[in-house]
Amino acid sequence: MKILLSGTASDSHTWNLVHLQLFLGELGHEVVGLGPCVEAEELADACRRHAPDAVVLSSVNGHGYRDGLAAVRRLRAEPALAAVPVVIGGKLGVAGRPQEAETARLLRAGCDAVLGDDLDALRGFLAARVHGGVPA
């Protein structure tokens, strides 16, 4: 599975992206890493260029909710990208804990999953897509 891995627009942290790229690669996925501080338009351009099977967004700085909302809305606004699965994880808010209202809003905007920092949940999300919707 080809995965486009990206930091969110305001997140300059790279260690999480390196960790995720290694994790996803060890699971057998082809990973295209965009790096940190990726704006929504840059993400859309990369999706058109690389045609990923899924997009994984990561945030550490606590603004993942805001940035993730902009990113998924941008992807869903373009018919050619509207069906690309998008998952977001990491620290999504400055409170440092899951926020049910923000999670629900991300899902309504088009995220396929909001995972926090649970790598087992990410593994399961991707396995379900590799195996035709049936969790591994």
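Modeller: The model is predicted, with local features needing pLDDT of at least 70 and side-chain atom pairs 80 or more, while totals for chains, interfaces and linings use all residues. Residues are numbered from 1 along each chain as its sequence is written, and side-chain values use heavy atoms, without hydrogens and water.

Colleague: Why are H1 and H5 called oblique to each other?

Modeller: The axes of H1 (residues 15-26) and H5 (residues 119-130) cross at roughly 45° and come within 12 Å. Angles under 35 degrees count as roughly parallel, over 145 as roughly antiparallel, 65 to 115 as roughly perpendicular and the rest as oblique. H1 and H5 are therefore oblique. The crossing of H1 with H5 is right-handed.

Colleague: Which residues make H1 meet H5?

Modeller: His19, Leu20, Phe23 and Leu24 in H1 meet Leu119, Leu122, Arg123 and Leu126 in H5. Contact means heavy atoms within 4.5 Å. These residues divide into six nonpolar, one polar and one charged. Asp, Glu, Lys and Arg count as charged; Ala, Val, Leu, Ile, Met, Phe, Trp, Tyr, Cys and Pro as nonpolar; the others, Gly among them, as polar.

Colleague: What makes H3 and H4 roughly parallel?

Modeller: H3 packs against H4 (residues 100-109) at about 15°, with the axes 9 Å apart. H3 and H4 are therefore roughly parallel to each other. Their crossing is left-handed. In that term, the near helix is turned anticlockwise from the far one by less than a right angle; clockwise is right-handed. From H3 come Tyr65, Gly68, Leu69, Val72, Arg73 and Arg76, and from H4 come Glu102, Arg105, Leu106 and Ala109. The contact of H3 with H4 has five nonpolar, one polar and four charged residues.

Colleague: What is the angle of H2 to H3?

Modeller: The axes of H2 (residues 40-50) and H3 (residues 64-76) cross at roughly 45° and come within 9 Å. That makes H2 oblique to H3. H2 passes H3 in a right-handed crossing. The residues in contact divide into seven nonpolar, no polar and three charged.

Colleague: How do you know that the charged end of Arg129 sits over the ring of Phe125?

Modeller: The charged end of Arg129 is 3.8 Å from the ring centre of Phe125 and counts as sitting over the ring. The rule asks for NZ of Lys or CZ of Arg within 6 Å of the centre and within 35 degrees of the ring normal.

Conventions: Axes are lines fitted to C-alpha atoms, for helices over the stretch in contact, and angles run from 0 to 180 degrees between N-to-C directions. Helices (H or I, at least four residues) and strands (E, at least two) are DSSP runs, numbered from the N terminus.
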